[in-house]
Amino acid sequence: MKFLPLIWSNLKRKKLRTLLTVLSITVAFILFGLLSAIKMALTGGISMDDSDRLMVQNRVSIIIMLPVSYKERMERIPGVTRVAHQTWFGGYYQEPKNFFMQTPVVPDDFVAVFPEFVVPTNQVEKWKSTRTGAIVGRKSAEKYKWKIGDRVPIKTPLWPKKDGSDTWEFEVVGIYDGKAKNTDTTALFFRYDYFDEARKRDAGQVNWYTVKVKDRKQAGEIAKLINKEFENSSAEVKAEPEAAMAQSWANQIGNIGLICSSILGAVFFTILLVTGNTMAQTVRERTGELGVLKAIGFTNSQVMTFVLAESCLIAIVGGGLGLGIAWLITSGGDPTGGFLPVFFLPPRDLAIGAAICVALGFITGIVPAMQAMRLQVATALRRM
Amino acid sequence: MSEPTKSNDALVRVDGVEKVFRRGSEDIHVLHQLDLRVPQGEFLALMGPSGSGKSTLLNLIGGLDRPSKGSITIGGERLDGLSDRRLAAWRARHVGFVFQLYNLMPTLNAERNVELPLLLTHLSKAERQKHVAAALQVVGLAHRAKHFPRTLSGGEQQRVGIARGIVTDPTILLCDEPTGDLDRKSGDGILDLLQALNREHGKTIVMVTHDPHASARAARTVHLYKGQLVNEPVA
C-alpha cells in the first residue's frame, strides 16, 4: 500500500492521456456489458444442461398448427409427466408499439409445467373459475399499470373472434413473478377454452407443446418416442429439448454468441493496442526515473511490478467504470419496449468482465514492465 | 593532489578495477587497473576531463554497474559477487546518490521524493515522515516540503536530491557533478551543505566534478585521465 501514491502519481503525469486511455477502456466495457445483456435477452441464458422439458412443434414449421388431441397421446408416452400447449396470439395493448407475448394455456397444465412463473394459489384458483381470466407478468403489469380486477383489451391481427371483432378482453386475475432473475415476466397467459370457443378459425389447433419429462437424462430418448408417435400422420412433429429449441430460435437472428464475440474481439484488440501504446510510451518517457528508482535500491522486480500495477490500475478503473455504467443502463430493463424482455447484465458476465479488466491490464503492461525490469541502471540514468 | 589512502581498513577499496564497454565490435577500455582507497569520513573529489571514467568509477563504487575485472569492497562487503537483488538491497542500505540533474520525480512533491528510499525500509508512515522532516531540515528546505520540483529553483531541487540521498543515513554519499547544473551562488550553497554533512555528520562523500572550485571544498582530490589515476590534473 505504501507504494500506491508512487504508482498513482505516475498516472497523473499526463492527465489527459491517462484520461483518454481510461475513457477508451470504459467505452469498451460499456459495450461489453450491453452486448452481454443483449446476448442474454436473445438467448434467454440458454443452458443445455438443465432441460427437463421438451418442445414439440410441427415438423415443417412452428407456424403450422398441431391438433390439441396430441396432448393426451404424448402424456401416454412413458417418462412424460405433463404436457402443456400454447398458441402464438400476437396481440398488443392499445397500439402496436405495446407489443408483448400472449398465449392461451390450460391453467393446471401451465402451472405444473412452468414452475418458473410464481403465481399465488388463490389467484390460480380465481383463474380457473374465471373463463376470461388471465395472469400477467409483473413487468407488464407495472408497465401498463394493470392491477387485479382490471379488464384488459388486447388486439390481435391473427385471431379474429367469431363475432368478427379482433379485440379480446381479459380480466386480470393474477400477477406472476419470476423465480429467477432471467425469467421473462412480460407475457400474458389466458385460458385456452375461452380462446378456442371464441376464435373464428382453427379450433382444436395449437402451435406448440411443452412436455415435462421425469428424468432429464432420458429427454433425448423421449423426444425420439414422441417423433415416432406421430410419424406418417398429417401433422408430424419435431420434439427437442427446450434449450435447443430456444437456441435455434436465437440462431434465426444469427449466431448471437459469435456476433458478440466478434464485435468484442475487435473492440478489445483495439483497446489492447491503445493501452499497450500508452504504457510503452509512459515507460519510454520515464527511463531516467526508473533508473533513479533502481539506483536508490528498488529491485528489478519491484520496478516491473510498478509498471504492471499502473497498467492494471488503468484497466481496472476504466473497466470498472464501464461495467458499472453498463450495469446501470441494463438495470433499467428492456430499452426496446418489449422486444428484449429479459434484458440485464448477468453476474457471470460481470465476473468475466472483471477478469478481462485484469487480463487487459496485465497483457498491456507486461512488455513495458519487462523492458523496465531489464533496464540497466547506469544506462537509464543517462537518459534522465 | 594528496596520496590515495593505502590502508586496508578504508571504507572504499577499489582493487585492480577495469571496465570495458562493448560498442558494436569495438571494446572501449574506460578504466585500467585502477586502485583507490577512501577512508571512512573522507570527502573525496574525483576530477578529470570528460570521458576520463569519473562517472563510471562512481557508478562502480555505488553498485550501479559491475567492473569487468578487479574488485570493489565497501565497508568490508565485496560488491562484484552480489546478485542484482542483493546489490539493490545493498544500495538501499548503504548508498545515497546525488545527481547532476537532481533526478527528482516530477510527479511527487519534495517530501514524497525524499521519502522514496524509505519506502524500502520497514519504517511506519509516521517514522518515515519523521525522517523526511529531519532530512529536509538538514538541507534547509523544511518550508518547501509540499512543493513540487517544477516550483523549486535548481539549487532547491538539488537540496531535495541531497535530502533524498541522506534520508536513510547511508554509509556513503556519491555525488555526480552536484553543482554542474547550478549557478555559482547555488553551487556554493550545495558545496557548503556537502561540506557540513561531511564535517558535522561525518558522512563519507565521493564527489565527481570537473570544477576546481568544487573540488577545492573536498578534503582530498584524485585525478583521472583516460581511465587511470594520475598525480596531477591533465588538461
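Trainee: In what order do the four strands of the open sheet in chain A stand, and what is the sense of their pairing?

Mentor: In this predicted model, the four strands of chain A follow the order 3-12-1-13, with antiparallel pairing.

Trainee: What makes strand 3 and strand 13 of chain A edge strands?

Mentor: Strand 3 (80-86) and strand 13 (237-241) each have a single partner strand, so one side of each is left without a neighbour in the sheet. From one strand to the next, the twist averages 25°.

Trainee: Turning to chain B, how do you know what span is expected of helix 4?

Mentor: Helix 4 (residues 125-138) of chain B has 14 residues, and at 1.5 Å a residue the expected span is 20 Å, to which the 20 Å from its first C-alpha to its last is close.

Trainee: Which residues of helix 4 of chain B are called buried, and why are they placed on the same side?

Mentor: A residue is called buried if 20 or more other C-beta atoms lie within 10 Å of its own, and in helix 4 of chain B the buried residues are His131(B), Val132(B), Ala135(B) and Leu136(B). They cover an arc of only 130° around the axis, and therefore lie on the same side of the helix, whereas the face turned away from that buried side carries the exposed residues Ala126(B) and Glu127(B). Helix 3 (110-115) and helix 5 (154-166) of chain B are among the elements covering the buried residues.

How values were computed. Residues are numbered from 1 along each chain as its sequence is written. Chains are lettered from A and ligands numbered from 1 in the order in which they are written. This is a predicted model: local features need pLDDT of at least 70, side-chain atom pairs count only at pLDDT 80 or more; totals for chains, interfaces and linings use all residues. Two strands pair if DSSP finds at least two bridges between them. Helices (H or I, at least four residues) and strands (E, at least two) are DSSP runs, numbered from the N terminus. Axes are lines fitted to C-alpha atoms, for helices over the stretch in contact, and angles run from 0 to 180 degrees between N-to-C directions. The expected span of a helix is 1.5 Å times one less than its number of residues. A residue is buried if 20 or more other C-beta atoms lie within 10 Å of its own, exposed if 12 or fewer, and partly exposed in between; C-beta atoms are placed from the backbone. The arc is that of the directions from the helix axis to the C-beta atoms. Two residues are in contact if their C-beta atoms, placed from the backbone, lie within 7 Å.
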